[in-house]
Amino acid sequence: MKRTIPFLCLLYTVTAGCSQDSPLDNEQYYKQVYIVGADETTNMGMSVAEIPYHDTEEQRTFISVATGGSLNIDRDITVTIEEAGTLPVENYNFKYLTQDNVQYRLLPSAHYRIPGNKVVIKAGQVYGQLPVFIKSDGLHCDSLYALTFKIREVSDPDYITVREKDTVLIQSYTFVNKYSGTYQSEGYNYRLNEGGLVSDSTTISATRNLKAVDAHTVRLFHLAYTESDENIDAYALTLTVEEDNTLTVRAWNNLNITGGGGTYSAANGTFTVWYNYESAGNRYRFAGTFIRSDT
C-alpha cells in the first residue's frame with residue numbers, strides 16, 4: 001500500500017493537468033477590426049480597383065473589412081464605414097507625388113454610389129465587404145480618381161476594437177475595356193507621293209500598351225515612339241471599334257492623321273490598322289497589326 005499511494009497521487013496530478021484548457025483555446029493577441037489595404041507601410045495606404053468602362057451600367061467594386069487575432073470571432077459583428085474626405089488624398093499627393101505629376105482627386109459624387117455603410121462579419125468568418133458602384137462613363141482616362149474610407153464604429157467594442165494605426169484606405173481606380181492591354185505591333189511605314197506608295201519602307205516592331213479611353217476606344221502611341229506623358233499630345237492616336245468591328249482612327253491631339261481604318265478580330269484579339277499622316281511636309285502611311293500578348 002505504501003507504494004500504491006504515491007502512484008495514485010501522480011496519476012491524479014497528470015489527469016487533472018490534462019483536463020485543463022490549452023492556452024491556444026484562448027485569444028493570444030488583441031481582437032481588432034481594420035480595412036484591408038489601409039497599410040501605409042506596405043502600399044502607402046492605397047489599393048487600386050480595376051473598373052471597366054461602360055456606356056450605361058454601373059460597375060461594382062468593394063472594400064474589404066477584416067478581423068485580426070489568434071482566433072476567429074465567435075459572434076457576428078457590424079462595422080460602420082464612413083468616407084474620410086479629401087485630406088488623405090492631399091496627404092498622399094504631398095508625400096508621394098511631385099508637382100509635375102498628375103494629382104489624385106476625389107471621384108465626383110455623380111460617378112459613384114454606396115448603398116449602405118455597414119459591413120457584417122459573421123461568426124467564424126474573417127472578412128466582410130462593402131459594395132461600391134462606379135459610373136465609369138465620362139471619366140477621363142488620364143485623371144487619377146479615388147475615394148477614401150475609414151471605420152466609424154464597431155457594434156461590440158468591448159469584444160473587438162478598431163485598429164488605431166493605418167486607419168484610412170484610399171481606393172483608386174484604373175479604367176479598362178475589352179480591347180485594352182499589351183499588344184505586339186508588326187507593320188510598315190511608307191512614304192507617299194502623288195502616285196501612291198513609295199517603294200522604300202521602314203519595318204516597325206514594338207510592344208504597345210493600348211489604354212482604354214471609353215467602352216469602345218483605346219489610345220496608343222504612333223510607330224515606336226516612347227510611351228510617355230510627354231509624347232501623348234504629339235504622338236498618340238485612338239482606335240474606336242464600331243459595331244461591325246471596323247475601326248475609326250483619330251489623332252489624340254497634334255498628330256496630323258489624314259485618313260485611316262481597319263478591322264478588329266474578336267476571335268484572336270488582333271487589330272489590323274492603316275492610317276495616313278503628315279510630318280515635316282511629307283505624307284506617310286503606317287499599315288500593320290497589333291496582336292494581343294497579355295491573354
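**View 1. The hairpin of S17 and S18.** In this predicted model, Gly 269 takes a positive phi near 65° in the hairpin of S17 and S18, where 4 residues lie between the strands. Strand S17 (residues 256-265) and strand S18 (residues 270-279) run antiparallel and are joined by 9 bridges, and within this pairing Thr 263 stands opposite Thr 272 of S18. Tyr 264 and Phe 271 form a tilted aromatic pair, with 4.7 Å centre to centre and 50° between the planes, and both Tyr 264 and Phe 271 are buried.

**View 2. The hairpin of S18 and S19.** S18 is also joined to strand S19 (residues 282-292), to which it runs antiparallel, by 10 bridges, and the hairpin has 2 residues between the strands, with Ala 280 taking a positive phi near 55°. Phe 286 in S19 is the bridge partner of Tyr 275, and one aromatic cluster is formed by Tyr 275, Tyr 277, Tyr 284, Phe 286 and Phe 290.

**View 3. An aromatic pair in helix H3.** The model has 14 aromatic pairs, among them the tilted pair of Tyr 92 and Tyr 96, at 4.9 Å centre to centre and 55° between the planes. These two residues are 4 apart in helix H3 (residues 87-96) and are therefore separated by about one helical turn. Tyr 92 is buried, with a relative accessible area of 9%, whereas Tyr 96 is partly exposed, with a relative accessible area of 33%.

**View 4. Arginines over aromatic rings.** The charged end of Arg 113 sits over the ring of Phe 133, 4.6 Å from its centre, and Arg 219 lies over the face of Trp 252, at 4.6 Å from the ring centre.

Conventions:
Residues numbered from 1 in each chain as written. Predicted model: local features only at pLDDT ≥ 70, side-chain atom pairs only at ≥ 80, totals over all residues. Heavy atoms only, no water. Pairing = 2+ DSSP bridges. Phe/Tyr/Trp six-rings, centres within 6.5 Å; stacked < 30°, edge-to-face > 60°. Buried < 20%, exposed > 50% of the residue type's maximum accessible area, 1.4 Å probe, protein only. Lys NZ or Arg CZ within 6 Å of the ring centre and 35° of its normal.
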